[in-house]
Amino acid sequence: MPPFFDQYGDPTMDPYTILSLPPTSTEAEIKKAYRMQMLQLHPDKLSPSLTDASIAAVTDKFHNVKDAYEFLISPIHMTSKRLYMAKMASQRADYERREAYLRRSGDKGDSYTAYIAQG
């Protein structure tokens, strides 16, 4: 599993997906999901019968859950979180515009290429 943060401190994965939460979750819901996953993934709670590869995979997930929680809750990451949320909103808006265009145009050949060319 790749690390949660890239070299610039931006998330490489969706923190809400990692915590299995919708993007509209409250701080209390985020804390609850974090605690539940930490209980399941904590290295001290793992079965001794797991292989080294399994332990490494669970440990990576453990660190990603910890980083996702810190990203969503910590005031240190507030600027990064705002930028991330704006990026996600922009991608959602682009998707919705594209879908609306495709619905309006019907099935006239490669309408997605026409949409992109239209700008």
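These notebook entries record what I looked up in the structure.

**Entry 1: the model and its confidence**

I noted that this is a predicted model, in which local features need pLDDT of at least 70, side-chain atom pairs count only at pLDDT 80 or more, and totals for chains, interfaces and linings use all residues. Residues are numbered from 1 along each chain as its sequence is written, and side-chain values use heavy atoms, with hydrogens and water left out.

I then looked up pLDDT, the predictor's confidence in each residue, from 0 to 100. The chain averages 80, and 85% of the residues score at least 70. Helices here are DSSP runs of H or I with at least four residues, numbered from the N terminus.

**Entry 2: the aromatic pair**

I looked for aromatic pairs, meaning rings of Phe, Tyr and Trp (its six-membered ring) whose centres lie within 6.5 Å; planes under 30 degrees apart count as stacked, over 60 as edge-to-face and the rest as tilted. The structure holds 1 such pair. Tyr 34 and Tyr 69 are its members, and they are stacked, with 3.9 Å from centre to centre and 15° between the planes. Because Tyr 34 belongs to helix 2 and Tyr 69 to helix 3 (residues 52-73), the pair ties together parts that are 35 residues apart in sequence.

I next asked whether these residues are buried (under 20% relative accessible area), exposed (over 50%) or partly exposed (in between), using a 1.4 Å probe and protein chains only. Tyr 34 is buried at 19%, and Tyr 69 is buried at 15%.

**Entry 3: the salt bridges**

Side chains of opposite charge can pair when their charged atoms come close. I counted a salt bridge where a side-chain nitrogen of Lys or Arg is within 4 Å of a carboxyl oxygen of Asp or Glu. The structure holds 2 of them.

One joins Lys 66 and Asp 67, at 3.2 Å from N to O. Asp 67 is buried, at 15% relative accessibility, whereas Lys 66 is partly exposed, at 25%.

Another joins Arg 97 and Asp 94, whose closest N and O atoms are 2.2 Å apart. These two residues are 3 apart in helix 4 (residues 78-105), so about one helical turn separates them. Arg 97 is partly exposed at 45%, and Asp 94 is partly exposed at 35%.

**Entry 4: a residue in a loop**

Finally, I looked up Ser 20, which lies in the loop between helix 1 (15-18) and helix 2 (27-41). Ser 20 has a positive phi of about 60°, although it is not a glycine. I recorded Ser 20 as exposed, at 60% relative accessibility.
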